[in-house]
Structures are given as structure tokens and as C-alpha cells.
Amino acid sequence: TCRVLDRECGWGGFRESRHGARGGGGLMRQFVYSRFKPYPWRFTDSPDASTSTAGLTTGAFLRTQEGRNAWLLGGTKKGTLCRFNFDMPMPVWEVQVHEEAVTRVQVGGSAVTAGTRILSSSEKEARVWEVDEQEGSIGEAPMLTVADCANASFNHGCDRIVGIATRGRTLVVDAETGSTICTLQEPGHSGAGGGAASV
């Protein structure tokens with residue numbers, strides 16, 4: 001539910017009045033909405049849901065490098081990525097990004113250009129998508145695909161991708177070329193040895 005805080009402010013600061021104590025003639029009243037204010041739509045798996053996109057699995061906020069717009073991205077069970085505006089319940093666009101369910105979505109910048117990129121993951125692969133700064137959309141083909149890389153994420157510089165591979169491995173991949181920088185082996189699994197890294 002929406003929670004509203006009734007706050008009284010005056011010239012002297014919080015909970016003070018311009019003319020005397022609390023409740024004086026110079027009193028100002030502000031209604032501050034909580035950060036938990038709900039949007040006028042919700043996502044469910046029900047057939048009569050308020051949006052046509054059922055089965056959302058993950059989400060992220062999309063803000064372009066120019067900072068003029070902010071949208072909501074949602075990954076679905078059927079492998080699509082949707083973009084929503086905050087003032088309407090229907091998706092603005094929906095693109096097939098994976099054959100399997102989308103398990104993670106992350107928005108980051110480019111270490112080379114000033115553009116915005118989206119990193120989507122399924123249980124089998126990770127893909128990088130270039131964002132159109134004007135339209136807030138992505139193309140039909142990814143700019144990079146990393147096989148056997150689940151639950152992937154950018155590093156802080158957005159020049160590396162880290163994801164979980166099969167057989168207890170963690171991959172560190174170049175975000176521009178897709179080449180493997182190193183492979184970390186989980187202790188207890190056969191491979192490069194306990195905790196070892198191979199390049």
C-alpha cells in the first residue's frame with residue numbers, strides 16, 4: 001500500500017514554525033510519498049493480468065548514458081526481454097534474446113564507446129546488446145554471445161564479463177571480443193586443480 005508521511009516544516013527547520021512553535025501561522029505541510037509507492041500495474045501469471053507479459057523472471061532499470069530517460073526492463077520465462085514505461089502497463093517492445101528463460105539482466109556502459117549495453121543471461125549463455133540511445137531499444141542480433149556462461153555480470157569498468165560455466169568453472173571474458181581471459185576452477189572439481197586459474 002502507498003504510505004504517505006505528513007511532515008511539518010517551517011523556517012527554522014524540520015518541525016518548526018515561522019511564528020512560534022509547531023502549528024504556527026507560517027507552517028508548511030508537505031506530503032512525502034514513500035519510496036515503496038506502487039505503480040498502477042503489476043505482473044502476475046494470471047490470464048487476466050494487467051499486462052500481456054506473464055512469467056517475468058528478472059528485471060533491471062535502464063537509464064541511457066545521456067540520462068534523459070529511465071525505463072524498466074523485464075526478462076521472461078520464454079526468453080524475451082521487454083521494456084516498460086512507468087506510466088503504462090503494456091510493454092513498449094519485446095525482443096527474443098534467448099531460447100531459454102532469462103535469468104539475469106544487467107545494464108552497463110561500454111569501456112570503449114559512450115554507449116549503453118545490456119547483458120542478458122540464460123542457463124546456457126550470456127549475450128551483450130547495444131542500446132539505441134534515442135529509442136531505448138535493442139537490435140534483433142546481439143553484438144556478443146558467450147556460450148556456457150550463466151548468471152553473467154559486468155565488472156565495474158564494464159570491460160569484463162564474469163559468469164558461471166559447467167564443471168564448477170567461473171569464466172572471465174573480455175566484454176568487447178568475447179575471448180576468455182581466465183577460467184577459475186571451483187575447489188573439489190576435476191580440472192585445473194583446487195582454486196586454480198587457467199589462462
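1. A quick term before we start: a contact means heavy atoms within 4.5 Å. With that in hand, residues 24 or more positions apart account for 33% of the contacts in the protein chain with a separation of 6 or more.

2. How to read the numbers. This is a predicted model, where local features need pLDDT of at least 70 and side-chain atom pairs count only at pLDDT 80 or more, while totals for chains, interfaces and linings use all residues. Residues are numbered from 1 along each chain as its sequence is written, and side-chain values use heavy atoms, with hydrogens and water left out.

3. Confidence. pLDDT is the predictor's confidence in each residue, from 0 to 100. The protein chain averages 75, and 61% of the residues score at least 70. Go carefully with residues 1-18, where pLDDT stays under 50; the model has 50 contacts beyond four places in sequence for them. Residues 26-33 are also below 50, and that stretch has 27 contacts beyond near neighbours in sequence.

4. The overall picture. The protein chain has zero helices and 16 strands; these are DSSP runs, numbered from the N terminus, with helices being H or I of at least four residues and strands E of at least two. Of the 199 residues, 38% are buried, where buried means under 20% relative accessible area, exposed over 50%, and partly exposed in between (1.4 Å probe, protein chains only). The accessible surface comes to about 11,500 Å², and 51% of that belongs to carbon and sulfur atoms; accessible areas come from the Shrake-Rupley method with a 1.4 Å probe, and for residues only the protein chains shown count as cover.

5. The open sheet. Four strands line up in the order β8-β9-β10-β11, with antiparallel pairing; two strands pair if DSSP finds at least two bridges between them. β8 (104-109) and β11 (144-147) stand at the edges with a single partner strand each, so one side of each has no neighbour in the sheet. Inside the sheet, five bridges join β9 (residues 116-121) to β10 (residues 125-130), and Ser 120 stands opposite Arg 127 in β10.

6. Strand β13 and its partners. Three bridges link β12 (residues 150-154) to β13 in the antiparallel sense, with Ala 150 facing Ile 164 as its bridge partner. Their hairpin has five residues between the strands, and Cys 158 takes a positive phi near 60° there. β13 also pairs antiparallel with β14 (residues 169-174), over six bridges, and Ile 164 stands opposite Thr 170 in β14. This second hairpin has three residues between the strands, with Arg 167 in the turn at a positive phi of about 60°.

7. Which face of β13 is covered? Ile 161, Gly 163 and Ala 165 make up the covered face, whereas Arg 160, Val 162 and Ile 164 make up the uncovered one. Ile 161 is buried, with a relative accessible area of 0%. Beyond four places in sequence, Ile 161 touches residues including Leu 119, Val 128, Leu 144, Phe 154 and Val 172. The C-alpha atoms of Ile 161 and Val 146 are separated by 9.2 Å.

8. Last, Thr 80. Thr 80 lies in strand β6 (residues 80-84) and is buried, with a relative accessible area of 4%. Its side chain makes a polar contact of 2.6 Å with that of Thr 76 and one of 2.8 Å with that of Glu 94. A polar contact is a pair of N or O atoms within 3.5 Å; within protein, one must be able to donate a hydrogen and the other to accept it, and residues adjacent in sequence count only if both atoms are side-chain atoms.
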